[in-house]
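Reader: I am new to this structure. Please show it, and then take my questions in turn.

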Amino acid sequence: MISPLLANVYLHLVDRNFRQKTEKGVLCGRLIRYADDLVILTPRAPDRERRWLENILSRLGLGLHPEKTQQLDARVKDFDFLGHTLRWRYERKLYLDISAKALNRIRAELRYHTRQTGRDLPAMVAALNPYIRGVRQYFRRVVRRRVAKLDRFAVERIARWWRRKHGRAVVSWWLVRGSSFWSKHGLDRFYVRRVKPH
């Protein structure tokens, strides 16, 4: 494992070489890379692109990870990349979702924060808001229903936190009932409706 900065410096040659090869018509498709994670999207069987990638990585003293590398038809099989699940669906559109692994990490982070019973509600909201904004920005292109479910999960965790903090026998659903909780207590939302420009 190398640092993202070092990977970007070292693997810049891969990006540049792929771009040159596609401009000449030798390779076909698009290479998307972040640090040492990459995916090549191509409308044809990627045999030539894979051989090129294996060859150039070998020249750099690197190789493809045997367990993480897969070759698939994205129209038939979903795949995960950088915390997203990419799904090819109706009308030949590619949809982005939050991967199961990333979703588990987000929920674990919300559980961690909502176990801190020493905080009051404003402190809880102040602790959660930067995290929610970061997740919202990173996953801003995923399907709406997934992000909206995270909003419900967050307030449900707060209701359970309130019960533990105040030693109540039942979960404090009254605290988060309806949609006024966000505006009343200043909690950021994971999903914010995008306004289309005029």
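Author: Helices (H or I, at least four residues) and strands (E, at least two) are DSSP runs, numbered from the N terminus. This is a predicted model, in which local features need pLDDT of at least 70, side-chain atom pairs count only at pLDDT 80 or more, and totals for chains, interfaces and linings use all residues. Residues are numbered from 1 along each chain as its sequence is written, and side-chain values use heavy atoms, with hydrogens and water left out.

Reader: Is histidine 113 buried or exposed?

Author: Histidine 113 belongs to helix 3 (residues 100-113). Buried means under 20% relative accessible area, exposed over 50%, partly exposed in between (1.4 Å probe, protein chains only). The relative accessible area of histidine 113 is 9%, so histidine 113 is buried.

Reader: Which residues is histidine 113 in contact with, leaving aside its neighbours within four places in sequence?

Author: Contact means heavy atoms within 4.5 Å. With those neighbours left aside, the residues in contact with histidine 113 are Arg119, Met124, Ala127 and Leu128.

Reader: At what angle do helix 3 and helix 4 pack?

Author: Axes are lines fitted to C-alpha atoms, for helices over the stretch in contact, and angles run from 0 to 180 degrees between N-to-C directions. The axes of helix 3 and helix 4 (residues 121-138) are 10 Å apart, and the angle is about 170 degrees.

Reader: Which residues of helix 2 are buried?

Author: Helix 2 covers residues 47-59 and has 13 residues. On the other side of helix 2, Arg51 and Arg59 are exposed. The buried ones are Glu49, Trp52, Leu53, Ile56 and Leu57.

Note on methods
Expected span 1.5 Å × (residues − 1).
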